[in-house]
Amino acid sequence: PTPGPTAPFYPVTKTFDLAKADTTKLLNNYMINVQSPVDDYIDAIFNVTWNFVNGACQNPYLSVVFEEIDHAQSDEYLEVRYPSFNAYDAIGRCDGSLDNNCGHWEQCMTYYDLALMNISSIENQIKI
């Protein structure tokens, strides 16, 4: 894992009302799309937070899919960290092999068990 960048820092938060969840489903998906506003060859950190109201998220899992736009070099990747953006909290590294591959999506993590029970907020840092 690499050290966390100091800037720029982008908070991304979305609140989900669990009273509207489909209780007949075994799994409900709560998705947040993150798109970088920077394209200038610098690291960025995205603090992505899922907030849950009117209930608690039971047995949370995290999946990450990314668009392989600029991943040809070995130092071009996404690193997923939880519960903090410290290097020792890296839980996944998403790297590709191509540049200019817009529209091509790669699965990086699938149902990563966050090992927390009955939570009201999930905070995850993604380093690009």
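This report describes a predicted model of a protein, moving from its overall make-up to single residues.

## The model and its confidence

Because the model is predicted, local features are considered where pLDDT is at least 70 and side-chain atom pairs count at pLDDT 80 or more, while totals for chains, interfaces and linings use all residues. Residues are numbered from 1 along each chain as its sequence is written, and side-chain values use heavy atoms, with hydrogens and water left out.

The predictor's confidence in each residue is given as pLDDT, on a scale from 0 to 100. Its mean over the protein is 75, and 77% of the residues reach 70 or more. Over residues 124-128 the pLDDT stays under 50, and for this stretch the model has 38 contacts beyond four places in sequence, a contact being heavy atoms within 4.5 Å.

## Overall make-up

The protein has 0 helices and 7 strands, where helices (H or I, at least four residues) and strands (E, at least two) are DSSP runs numbered from the N terminus. Read along the sequence, the pattern is therefore β-β-β-β-β-β-β. Among the contacts with a separation of 6 or more, 75% are between residues 24 or more positions apart.

Of the 128 residues, 33% count as buried, a word that stands for under 20% relative accessible area, whereas exposed stands for over 50% and partly exposed for values in between (1.4 Å probe, protein chains only). The accessible surface comes to about 8100 Å², of which 51% belongs to carbon and sulfur atoms; such areas come from the Shrake-Rupley method with a 1.4 Å probe, and for residues only the protein chains shown count as cover.

## The nonpolar core

A nonpolar core is a set of buried Ala, Val, Leu, Ile, Met, Phe, Trp, Tyr and Cys residues joined through side-chain atoms within 4.5 Å. The largest one here has 20 residues, and those with the most contacts inside it are Trp 50, Leu 62 and Val 80. At least two residues of this core come from each of strand 1 (9-17), strand 2 (45-53), strand 3 (61-67), strand 4 (77-81) and strand 5 (90-95). Strand 2 gives the most, with 4 residues.

Strand 2 is also the place of Ile 45, which is buried, with a relative accessible area of 1%. Ile 45 and Phe 85 are 40 residues apart along the chain, and their C-alpha atoms are separated by 8.1 Å.

A search of the whole structure finds 1 salt bridge, meaning a side-chain nitrogen of Lys or Arg within 4 Å of a carboxyl oxygen of Asp or Glu. Glu 79 forms a salt bridge with Arg 81, and the closest N and O atoms are 2.3 Å apart. Both Glu 79 and Arg 81 are buried; Arg 81, which lies in strand 4, has a relative accessible area of 1%.

## Two residues with positive phi

Most residues other than glycine have a negative phi. Asn 54, although not a glycine, has a positive phi of about 60°, and its place is in the loop between strand 2 and strand 3. With 55% relative accessibility, Asn 54 counts as exposed.

Tyr 111 is not a glycine either, yet has a positive phi of about 50°. Tyr 111 lies in strand 6 (residues 105-113) and, at 48% relative accessibility, counts as partly exposed.
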